[in-house]
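Keep the coordinates open as you read.

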Amino acid sequence: MQRRAIGLLALPALAPAQAQMAARIALLHMNDFHSRHSAIAGNSAACREGAPCYGGSARLAAAVAEGRADAASAGRAAMLLDGGDQFMGSLFYTHHRGLAEAAVQRAIGTAAMAIGNHEFDNGPETLAGYAEAVPFPLLSANMDASRSAALAGRVRPWVEFALGGARLAVVGLTTPDTANISSPGPDIRFTDPAEAAERAIWEARRSGPCTVVLLSHLGLNADRRLAESLPGVDVILGGHSHTLLANGLADAAGPHPVMARGVRIAQAGAHGRYLGRLDLDIAADGRVLGHGGAVRELHGDLPEDAGVAALVASLGAPLEELRRRPVAQLPRMLDNAPCGVSPCEIGTLVAQSLRQAIPDAQIGWMNGGGIRAGLPAGSVTWGDVLTSLPFQNTVARMVLRGHAIQAALEIGVARWPAVAGRFPQLAGLRFTLLQGAPAGSRVGAVEVEEGGQWRPIDPSRAYVVATNNFLRRGGDGFTMFRDEALEAYDQGPGLEEALVTWLIARR
């Protein structure tokens, strides 16, 4: 990332670093909760009886309370910061549109939150309703909402906290990809995160010594680049990439925290399964002298907070009614039985809904085995859709060259004529199956739909493909989706949400 000379060189001179410690604080941190108010299984799907369970809002609340109490007993002032993407991921969001998340965050005492891309999934108006319901600041230094009637004046670039004798400047950042992967509308503009952060840091430091915390919804790789190129940053609490940075946990992608040019970078997985705590010893000039803390996995044996459990039960009461709510009328039953061996109508429908969920997608790609039931003739309910798509997979976006798409089609038909879950269900892409050819040579002509016309695929051209996160990560043998994607984002809306949105639009 290239440095911009905005003004950090003109910052007021700071006093030489003091040897003595001036403050001891604890930053509790979470990110990418995605409306998982009920406990989850290890794969983030709904927890089933007899299986290990994690997280849930009531358990998270208990862990936050314990974290605060433990910090206080160690002489540390504590606060809870959120890296964004509270929205989207369960029926709690589908029904309450952010107000369930707001209620739980009020209960657990969130101090500030960066705006994530999913906060825009239902447009600025939904985010504005959420902003009105929360008592804490929503942060994004690189988001310009001044032209938005719904959000103007509701989002701050940074906020100052006095915590245990420390002066903290917390700067929010939102991925600029939000314009492509969500629905912010034409009146929201996203600018370069490095430039925006640099301006906020300059503004914070000109008032005196402080410790700068970037509350970042950019992803770990972008956080590393910021740490290595941007002066004045002390800590980055991240989100967006769903990365678990932890010590001693098997699925961790790195330590807690990761160090980059003296900057401490932390992120706590996703879906409320983990709660991070970063302890900081801070000098009088704001410099971080040392750190500690850990990421805690919220196992099912952790007690739940009774008050938040009752709140979640109350918020969950209308959801059974939602499951029975009709979303569409179908003239005939859509059977999933043929989806593992040939194009099927429900497979095409799901693939179309994936493409629709990603605004710039040219191709929708679903695996037939991911569709576990058909849809009935007549009234189709939310419950029917959840039965058909039960895995709580998310829509994923990737950019692939034409040759990788052709190779993926060969993988998809490698077991044909045997039934296989990998058989591709497509929208915006079609191919000829050479029935007598051996595996690896069964794909004939391949065409991509462009402007209402079918055109031969260009092996060297890059295409935007919408699929599900299971396939994008190499599931069902599609290693090219994992290894050859030029751009990849796995945390789109749930497949069931995308399909319901598509069905409603076609009524």
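Two strands pair if DSSP finds at least two bridges between them. Helices (H or I, at least four residues) and strands (E, at least two) are DSSP runs, numbered from the N terminus. The model is predicted: local features need pLDDT of at least 70, side-chain atom pairs count only at pLDDT 80 or more, and totals for chains, interfaces and linings use all residues. Residues are numbered from 1 along each chain as its sequence is written, and side-chain values use heavy atoms, without hydrogens and water.

Start inside the sheet. Ala169 stands opposite Val212 in β10. Strands β8 (residues 166-174) and β10 (residues 211-217) run parallel, paired over seven bridges. Helix α6 (residues 193-205) packs on the sheet and touches β7, β8 and β10. Contact means heavy atoms within 4.5 Å. The direction of α6 makes about 160° with that of β8; angles run from 0 to 180 degrees between N-to-C directions, and axes are lines fitted to C-alpha atoms, for helices over the stretch in contact.

Now the whole sheet. It is open, with six strands in the order β7-β8-β10-β11-β13-β12 and mixed pairing. β7 (158-163) and β12 (258-260) are the edges; each has a single partner strand, so one side of each lacks a neighbour in the sheet.

Turn to a helix pair. α1 (residues 57-73) and α8 (residues 306-316) pack at about 155°, their axes 8 Å apart. They are therefore roughly antiparallel, the term for angles over 145 degrees. Ser57, Ala58 and Ala61 in α1 meet Val308, Ala309 and Val312 in α8.

Note on methods. Parallel < 35°, antiparallel > 145°, perpendicular 65-115°, else oblique.
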